[in-house]
Amino acid sequence: MAMKRNGKSPASSESDESVMFFRDVSLGPHETRLRFRLIHFWEAQNPVKKTLIGLEMLLIDEQGTVIQGFIPPGRIKKYLPEMKRGSVYELINFYGSKNKPMYRVADLIATVSFAWNSELSVLHDIPIPFDEDRFRMHSYEDFEANCDIKGDLYDILGHMKLVDGQALTERPTIDEAKLATTRHIMVHVQSHEGPVMKLYLWDQAATDFCKKFKSYENTPTVLLVTAVNTKRLGGNLALSSMSPTRVFMDYDVQPTIDYFAWLSSNPEIAKQVSAEVVTKRETMTISDIFSYMTLESAKDAFFECTATIDDVVHGSAWYYIACTGCHSKATKGANSLICTNPRCVKDTTAGVAQYRAKISVYDSSEQGFFVLLGDAGFQLTGRHASELVSSYFEANKDKGPDHEVPVPEALISIVGQTHKFCVKVTDHNFSGNTRAITVTKILPPETPSPTKGSVDNAIAATSMEAVQTGSEVCGTSKSRGDSADEESKRTFDSVDPEKVKRARCEK
């Protein structure tokens, strides 16, 4: 029905002729009122400048129509104290702005934006029923069709296969300390009998998943995650949580209850594990990795990449002096070396040389730079950095303690070799300070094609061995822990990092 010029729509009831339905909201100012339930709200931030854009909302009216809402940053303090998820409100005066084309969470072309004269009030006595929520579930084919276009954020409903690489045959253990550091959880989820998909839950969504998962007495199996973005990583479809994402499980909402009932009547489906999908590592080309680093939702992640070493970068230090305890960078104090890691228990340290060599690499898609840290350098050269540094000064006793050790032959000899690298991209890469990618491990060559005997042995392997994920393979080596990556962040801020000299402690 056509809108009146003053923005009013036909009445929703005889007693209130000025209430507008969401489907009638057009672009421009409206001097009328809306009634709705507040489903959800979240902060929208500029991913580059890390500044607040405003408060976004998901609203549903009495007809069950969902629309997106928006409050500009300067007006958030005025309305936020009254906002509570699930409550019903009346809004008088608003502006119909155009719904954003990227990362949409509602179908309507308009967004309800709070204006300078908007008045928001809570409705306690509600004679008209409002739906609690409304979801936009889509199939695997829909996710495929919308992959990489940054369009609508759809909801995924399915049953969990793995939680951080752990099967649900025994209740998975979520390491909250690890979650605080990595800020993400990876879940393999399958919708009915479709393909198994990798779902990455970041930050608040990962925290909500952890709390909800642990709150269930029995191991939950059904998962509903809203507003996920689809991206192709290494040729595989991946789903990633976004700012508006919410997490539901077995008995939380009606769709999960219905799906749980279906799954309970088909127990054989819940027991199936597609080893081909589950065990497939996240293999990326250098170009894929650079593309991932530009994503708004990108977070710290491990990938496998096959590349050829083109050169070892000269003119920058290929090692640093590390704490003997935690391997973080050690600096010269008044009388001894001091560890720069505030969490390290060592007040002073003797210091030991560790690899931090920058190499130029390429594959069929792109050329880039990798940084070899700790054991990754040893795996390529067969010699420890401390051994190479000591050998140099033993052969050049006339050199002063501040002399820079040139790139050794052991590193130069790796030029031309092709290896499978396990690499980690971090917040340092996303901030634009450097495109150099940290190498945490050199992966062994592919095993030869299996014989009949080896196939028979593989069949006898346990199911847990069959569902191990690439994240276990790509973890930072135990001898280095996370300190290698932290060191990379502190000391590789630019293409040409600060030169590291030979440490000398005064007695």
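Asn93 sits in strand E5, which covers residues 88-98. The model is predicted. Its protein holds 16 helices and 22 strands. Of its 507 residues, 49% are buried. Among contacts with a separation of 6 or more, 68% join residues 24 or more positions apart.

**Backbone: positive phi**

- Most residues other than glycine have a negative phi.
- Asn93 counts as buried because its relative accessibility is 14%, under the 20% cut-off.
- Ala227 also has a positive phi, near 50°, and is a residue other than glycine.
- Strand E12, residues 222-233, is where Ala227 is found.
- The relative accessibility of Ala227 is 4%, so Ala227 counts as buried.

**Helix H4**

- H4 runs over residues 203-215 and has 13 residues.
- From first C-alpha to last, H4 reaches 19 Å. That is close to the 18 Å expected at 1.5 Å a residue.
- Which residues of H4 are buried? They are Ala205, Ala206, Phe209, Cys210 and Phe213.

**Loop residue Val407**

- Val407 lies in the loop between two helices, H10 (385-395) and H11 (409-412).
- Is Val407 buried or exposed? Val407 counts as buried, because its relative accessibility is 15% and the cut-off is 20%.
- Neighbours within four places in sequence aside, Val407 is in contact with Val312, Val313, His314, Trp318 and Ile412.
- Gly315 is 92 residues from Val407 in sequence. In space, the two are 8.9 Å apart, C-alpha to C-alpha.

**Aromatic rings and charges**

- The count of aromatic pairs comes to 14.
- Phe22, Phe36 and Tyr89 are linked into a cluster by ring pairs.
- Where does Arg85 lie relative to Phe41? Arg85 lies over the face of Phe41, 4.2 Å from the ring centre.
- Arg435 has its charged end over the ring of Phe290. The distance to the centre of that ring is 3.8 Å.

**Cysteines**

- A disulfide is a covalent bond between the sulfur atoms of two cysteines.
- How many disulfides does the structure hold? The structure holds zero.
- That count rests on a cut-off: a pair of cysteine sulfur atoms must lie within 2.5 Å to count as a disulfide.
- Cys147 is buried, because its relative accessible area is 9%.
- Cys305 has 0% relative accessibility, so Cys305 counts as buried.
- Cys210 is one of the buried residues of H4.

Conventions: Residues numbered from 1 in each chain as written. Predicted model: local features only at pLDDT ≥ 70, side-chain atom pairs only at ≥ 80, totals over all residues. Heavy atoms only, no water. Phe/Tyr/Trp six-rings, centres within 6.5 Å; stacked < 30°, edge-to-face > 60°. Lys NZ or Arg CZ within 6 Å of the ring centre and 35° of its normal. Helix = DSSP H or I, 4+ residues; strand = E, 2+ residues; numbered from the N terminus. Expected span 1.5 Å × (residues − 1). Buried < 20%, exposed > 50% of the residue type's maximum accessible area, 1.4 Å probe, protein only. Contact = heavy atoms within 4.5 Å.
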